[in-house]
Amino acid sequence: IEQQGYSNPGIRVSTTYELSKKHKIGANFNFQRIWDDFPSTANTHITGTATNDILTTSTLANLTENNSSYNLNYQYNTEKIKFNIEADQLDYNSKLSNEVVNIFKNNLSRTDFENQTTTKIALSTLKTDLTLKLGETNFETGMKYSLSKTDNLLNASLQSILQLNTFEYNEKIYAAYGSLNRSIGNWSFQIGLRAEHTQMAGES
């Protein structure tokens with residue numbers, strides 16, 4: 001026997017406002033929640049041994065996820081200059097629970113197993129881009145900063161014996177780029193440079 005409960009509500013809001021013909025700002029928000037429930041029961045008939053028996057296994061699995069994201073942006077746009085800056089934030093949280101109970105009908109022995117896994121992820125980015133039209137030459141440059149944090153926790157127990165495992169991971173990325181391109185007759189030329197630096201730290 002297996003049953004399932006499921007829900008997936010979400011909301012999204014987006015807006016843009018023109019300060020003038022050259023200036024524009026915007027914001028976006030998105031949220032989604034997922035809830036999933038899986039209860040089940042199974043009977044196993046054990047034969048061919050000294051004493052026949054029936055094993056009943058009851059399982060309950062439950063998953064909850066929350067996912068939210070935010071964005072703020074600004075744009076400046078003219079014939080010769082294009083500039084924009086954006087900030088993004090994403091937060092993800094989930095919790096998975098499992099409960100398993102095994103019961104033998106004749107000898108009344110029982111085992112209980114339970115585990116819970118919690119995951120938290122946070123992503124933050126800030127980036128800016130600039131494009132300049134210098135006569136027949138186009139110049140582009142930009143920078144980006146990213147921060148990622150992950151936190152996992154596993155909590156498991158078997159017959160009241162508790163086990164824990166944690167994992168934490170942090171990452172920072174710094175990036176910048178610049179490029180020049182120009183067309184002369186049937187020829188086009190481009191030169192560019194990109195640099196990136198990453199810092200990582202993990203602990204378990």
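1. Lys144 counts as partly exposed, at 40% relative accessibility; the term covers values between buried, under 20% relative accessible area, and exposed, over 50%, with a 1.4 Å probe and protein chains only. Lys144 lies in strand S7, which takes in residues 137-158. Strands here are DSSP runs of E with at least two residues, helices are runs of H or I with at least four, and both are numbered from the N terminus.

2. The model is a predicted one, in which local features need pLDDT of at least 70 and side-chain atom pairs count only at pLDDT 80 or more, while totals for chains, interfaces and linings use all residues. Residues are numbered from 1 along each chain as its sequence is written, and side-chain values use heavy atoms, with hydrogens and water left out.

3. Which residues does Lys144 touch, leaving aside those up to four places away in sequence? They are Thr125, Leu126, Lys127, Ile173, Tyr174 and Ala175, where a contact means heavy atoms within 4.5 Å. Ile85 is 59 residues from Lys144 along the chain, and the C-alpha atoms of the two are separated by 9.7 Å.

4. The protein has 9 strands and 0 helices. Among its contacts between residues at least 6 apart in sequence, 59% join residues at least 24 apart.

5. The overall dimensions come next. The C-alpha trace spans about 95 × 35 × 35 Å along its principal axes. The radius of gyration is 28 Å, whereas a compact globule of 204 residues would have one near 17 Å. That radius is taken over C-alpha atoms, and the globule rule is 2.2 Å times the number of residues to the power 0.38.

6. Of the 204 residues, 15% count as buried. The protein exposes about 14,500 Å², and carbon and sulfur atoms supply 55% of this area. Accessible areas come from the Shrake-Rupley method with a 1.4 Å probe; for residues, only the protein chains shown count as cover.

7. How many salt bridges does a search of the whole structure find? The search finds 2, a salt bridge being a side-chain nitrogen of Lys or Arg within 4 Å of a carboxyl oxygen of Asp or Glu. Side chains of opposite charge can pair when their charged atoms come close.

8. Arg110 is partly exposed at 46% relative accessibility, and Asp112 is partly exposed at 28%.

9. Another joins the side chains of Arg194 and Glu196, at 2.8 Å from N to O. Arg194 is exposed, with a relative accessible area of 55%, while Glu196 is partly exposed at 48%.
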